[in-house]
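Hi,

Here is the structure I said I would pass on.

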Amino acid sequence: MVDNGIHLASTSNNTGKTRNNGGQLNGSASMEEEKQEVDGGAVQPAPSVCTTCAKGHACQAVISRTREMRALIDAKKPHQVQAVFEHLADEGHRPSLVTYTTLLSAVTSQRTFEEIPSLLADIDAAGLRPDSIFFNALINAFVEAGRMGEATSTFWKVSRHHPGCRPTISTFNTLIKGFGIAGRPEESQRIFDMMAGGAGDGVASTVRPNLTTYNILVKAWCDHRSLEEAWGVVGRMRARGVEPDVVTYNTVASAYAKNDETWRAEELVVEMMRARLRTSERTWGIIVGGYCREGRLEEALRCVREMKEAGVLPNVIVFNTLLKGFLDANDMAAVDDVLGLMEQFGIKPDIVTYSHQLNAFSSLGHMTKCNKVFDKMVEAGVEPDPQVYSILAKGYVRAQQPGKAEELLQRMCRIGVRPNVVTFTTVISGWCSVADMDNATKVYRKMRDAGVRPNLRTFETLIWGYSEQKQPWKAQEVLQMMQEAGVRPKQSTHSLVADAWKAVGLTENGNRALGSPDDRARRNANDDNGPDHRSDDNDDDDKLQRLGRTNEEAKSDHPSHSSFLQVTSALGTGKAGQFASTSPLQRSCQLRMRSSGFCRNLWQKQGGLYSQGVSSFKIMVFLS
């Protein structure tokens, strides 16, 4: 049933067991265990079930909460979506399919992909039948995770087991984008050719490329620095009567800028004018960013002035790019000028503006300046996110003040901002840098108690810390910790352990830690291939290669609700490097996680991009 755009769940399920609207849909704890939380000896009652939801009718509260979740994602606050979803379940409502689809979008935005198995199990347990919109979101999540094997597998299984969920133009565009991101534009081209020719077991017989499809394919080739092929796609666009738009030109301009040929990107502005296309803030932002990367900051400033003449006002993104350029050049006078220009143009600094300044000062350990910028940020009403706190933590670590870095974790908990793996790992590296492994391991335990899943950097930091303490046996024990956490060590990890043994004169132990030449070769191969290179991926790729050569119809199974779980049967295997569902987590920051297993698991955020700095075994800092 669909009402007001909300796909409503059926009140029945296959098990016949009563469920509290997603409150206990996935996880080992039963509903009775959830109710029996004792506070002063009293048993807390379970929330009452919404009578409207129980009847399978459209519930205004569910619709309202779902819209609120979408608004948070649009406002770039996906980390707050979980709390809204949690509150919905706590009130006794049953989340709809649209609610779960929105939650999946939040997971994708936060890159907490390890939560997908729990979310899928919750949907199945709630008796909801996914639609094409949900499957598109699921495929997009796999694409964003770089898991093209799962993406293509889901594509094929949905096409054959769910006749009502035929792939749409959005599905194909997502796959083309995914292979482009994975650095495999040839596969992107193959999918495009399948669409253009209407091949592929009838899957693409009614779907044809549109302007967006062409632009995504152009980007796939541009990201691979294959400009000739990209221009070839543009030529085919025109031959089919599809004229390039501003997105097409911006994509090519970005490729030129990344190739340190920003002057070519600027020449495209003239071509756009000839085509009667108006340049956008994005166009000029690419050019300004390109000149900044090339160190030609005066040219970047010139372009900002020319924007006004072209009838395009600089936005906050353009100013942030220019600001970062001068910060990287350590030209603080120019930084002040840029901030002044922002004020003149009426552009309010956003979280990125402040983050660039914080990152510059924290990298130098100038925490007084950092705190001044942070205070301005709060006064301006800009809410700090986990990355901002990670930047502050990095500054305190650089300043050799790991205690203050750890205090940030407590502050984050007090104000309801959840520390992520980057924040915890940065604090751990701070204690390691001052040779305090007791506090380093204490922070690691806090991390696990908070339900945050450690990653490779976390464990390599601990190994490095024990090496500095001349405790190679402790460094060796970290490998066992990694196995228990489901994190696969790389060759670099084994090398760190070997160096720890050799540093105390136990070369034989170090050689054993490194393994045989065959072991090292195998590890290097695994490191190069990554978790996405598996036999099932190859099977799906073979299917894609046959798309243009056959129209033979695949055998169709009778659709059933259980086939939904078959779509992601490879998930939750527990193998290192693969998605795996996790056990329910302990409460953290005194926040009660009483809804679904998904909500409890969402603490295990594995996101964040940062780099590692190691200086002569003196300090290890993980940068945000």
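A term to start with: buried means under 20% relative accessible area, exposed means over 50%, and partly exposed is in between (1.4 Å probe, protein chains only). By that cut-off Phe319 is buried, with a relative accessible area of 1%.

Bear in mind that this is a predicted model, where local features need pLDDT of at least 70, side-chain atom pairs count only at pLDDT 80 or more, and totals for chains, interfaces and linings use all residues. Residues are numbered from 1 along each chain as its sequence is written, and side-chain values use heavy atoms, leaving out hydrogens and water.

Now the rings. Those of Phe, Tyr and Trp (its six-membered ring) pair if their centres lie within 6.5 Å; planes under 30 degrees apart are stacked, over 60 edge-to-face, and the rest tilted. Searching the whole structure turns up 8 aromatic pairs. In one of them, Phe192 and Tyr214 have ring centres 5.1 Å apart and planes at 65°, so they sit edge-to-face. Phe192 belongs to helix H10 (residues 185–197) and Tyr214 to helix H11 (residues 211–223), so the pair ties together parts 22 residues apart in sequence. (Helices are DSSP runs of H or I, at least four residues, numbered from the N terminus.) Phe192 is buried at 4% relative accessible area, and Tyr214 is buried too, at 3%.

Back to Phe319: its ring centre is 5.8 Å from that of Phe345 and the planes are at 50°, so this pair is tilted. Phe345 counts as partly exposed, at 29% relative accessibility.

Finally, ring pairs link Phe155, Trp156 and Phe172 into a cluster.

Cheers

Technical notes
Helix = DSSP H or I, 4+ residues; strand = E, 2+ residues; numbered from the N terminus.
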